[in-house]
Amino acid sequence: MQQNFLRNLFGRRLRYPKVKIENRDGRFHIEGLGAWYSYWRDPYHLMLTIPWSGFLGCLAGAYFLINSLFAGLYLLDPDGVANMPTPGFLNAFAFSVQTFASIGYGAMHPVSAYAHLLVTLEALVSLLSIALVTGLCFARFSKPTARVIFSRVAVISRHDHAPMLMFRMANQRRNQILEAELRVCLLRDEISAEGEFMRRLYDLKLLRSRTPSLTLTWTVMHPIDEDSPLYHCTPESLEKTHAQLLVSLSGVDETVTNMIYARHAYVTRDIFYDYRFVDMLHLASDGHRYMDYTSFHEVERVKPGQVTGWKRSP
């Protein structure tokens with residue numbers, strides 16, 4: 001009885017009774033996550049996430065529908081609008097467009113009380129529609145976006161005589177991300193002491209998790225010591241538990257002074273042992289330095305055996 005009560009109490013509030021989670025090449029994909037077509041019951045988010053072509057198409061369709069509706073209402077009183085050439089749909093539609101857009105050519109105008117009432121109602125609908133469309137367009141244009149690129153792979157090698165997990169990230173815009181803060185988590189399958197299956201999340205301690213300004217690149221490092229969840233982990237154990245590294249970046253875009261966010265995920269096959277990243281910073285003959293982004297994703301093998309584990313090549 002208690003189960004039936006809870007089902008009746010909460011069951012109707014569930015929008016999606018079942019959510020499909022697929023494992024594609026070691027990465028978990030939630031069906032419909034972040035897809036614009038999953039917001040049909042939430043019109044505001046739908047209009048913010050739908051592509052621009054669909055957004056403009058919805059506006060054009062709504063514009064045609066509203067004017068067609070009022071055109072049909074105007075035809076209910078054929079003598080309500082003066083100077084209409086013929087009481088047909090096209091002329092009524094043209095008068096509705098003039099009223100909706102506040103054009104007022106002065107030729108056709110309402111003369112009956114019914115037509116005046118419709119013009120008043122359509123003017124109100126026009127004001128509300130313009131305000132709504134203006135707000136949606138502003139929200140779409142002002143929505144902050146981050147252009148941050150992450151290295152395709154992460155590596156584990158020794159740094160300062162200690163095993164270190166490392167990956168690279170860079171700001172693709174020629175501006176600064178102020179007060180950039182990074183969080184890296186390890187997500188893996190576990191069985192609790194009570195025998196319950198769970199997907200557990202561990203925060204990874206970084207050598208540096210904040211920077212006052214992210215302009216070019218940032219090599220993120222996590223020391224694999226006794227306090228690390230990766231301590232004594234092997235590629236096989238990570239593969240067996242469907243381990244993932246979840247990376248989340250937040251900061252303030254210098255140009256628009258808005259918070260921006262970026263995220264990335266590394267699965268087991270994206271982590272390479274006994275490899276290091278190719279150096280991107282070079283010293284020119286004139287004493288200046290330059291950054292070569294063509295080697296941003298490139299890694300090279302270090303002396304085998306520095307880190308026991310994978311022998312897989314990238």
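Which residue forms a salt bridge with glutamate 300, and how far apart are the closest N and O atoms? The partner is arginine 276, with the closest N and O atoms 2.9 Å apart; point 5 returns to this pair.

1. Basis of the note. This is a predicted model, in which local features need pLDDT of at least 70 and side-chain atom pairs count only at pLDDT 80 or more, whereas totals for chains, interfaces and linings use all residues. Residues are numbered from 1 along each chain as its sequence is written, and side-chain values use heavy atoms, with hydrogens and water left out.

2. Helix H4. Helices (H or I, at least four residues) and strands (E, at least two) are DSSP runs, numbered from the N terminus. Helix H4 covers residues 89-100, and its 12 residues should span 16 Å at 1.5 Å a residue, which agrees with the 16 Å between its end C-alpha atoms; the expected span is 1.5 Å times one less than the number of residues. Among its buried residues are Phe93, Val97 and Phe100, where buried means under 20% relative accessible area, exposed over 50% and partly exposed in between (1.4 Å probe, protein chains only). The buried residues of H4 pack against helix H3 (52-74), strand S3 (81-82), strand S4 (109-110) and helix H5 (113-142), contact being heavy atoms within 4.5 Å. After H4 comes serine 102, which has a positive phi near 55°.

3. Nonpolar cores. A nonpolar core is a set of buried Ala, Val, Leu, Ile, Met, Phe, Trp, Tyr and Cys residues joined through side-chain atoms within 4.5 Å. The largest one has 30 residues, and those with the most contacts inside it are Leu165, Phe167, Met169, Leu182 and Leu249. Strand S8 (177-191) is one of the elements that give two or more residues to this core, and S8 gives the most, with 5 residues. Apart from this core lies another, of 11 residues, among them Ala71, Tyr74, Met84 and Met108.

4. The rings around tryptophan 52. Rings of Phe, Tyr and Trp (its six-membered ring) pair if their centres lie within 6.5 Å, with planes under 30 degrees apart counted as stacked, over 60 as edge-to-face and the rest as tilted. The structure holds 8 aromatic pairs. One of them joins tryptophan 52 and phenylalanine 55 edge-to-face, at 5.4 Å centre to centre and 85° between the planes. Tryptophan 52 is partly exposed, at 36% relative accessible area, whereas phenylalanine 55 is buried, at 0%. Tryptophan 52 also pairs with phenylalanine 141, with centres 5.0 Å apart and planes at 45°, so this pair is tilted. Because tryptophan 52 lies in helix H3 and phenylalanine 141 in helix H5, the pair ties together parts 89 residues apart in sequence.

5. Salt bridges. A salt bridge is a side-chain nitrogen of Lys or Arg within 4 Å of a carboxyl oxygen of Asp or Glu, and the count comes to 9. Aspartate 253 forms one with arginine 173, the closest N and O atoms being 3.8 Å apart. Aspartate 253 lies in strand S12 and arginine 173 in the loop between S7 and S8, so the pair ties together parts 80 residues apart in sequence. Aspartate 253 is buried, at 5% relative accessibility, while arginine 173 is partly exposed, at 26%. In the pair from the opening question, glutamate 300 lies in strand S18 (residues 299-301) and arginine 276 in strand S15 (residues 275-277), so parts 24 residues apart in sequence are tied together.
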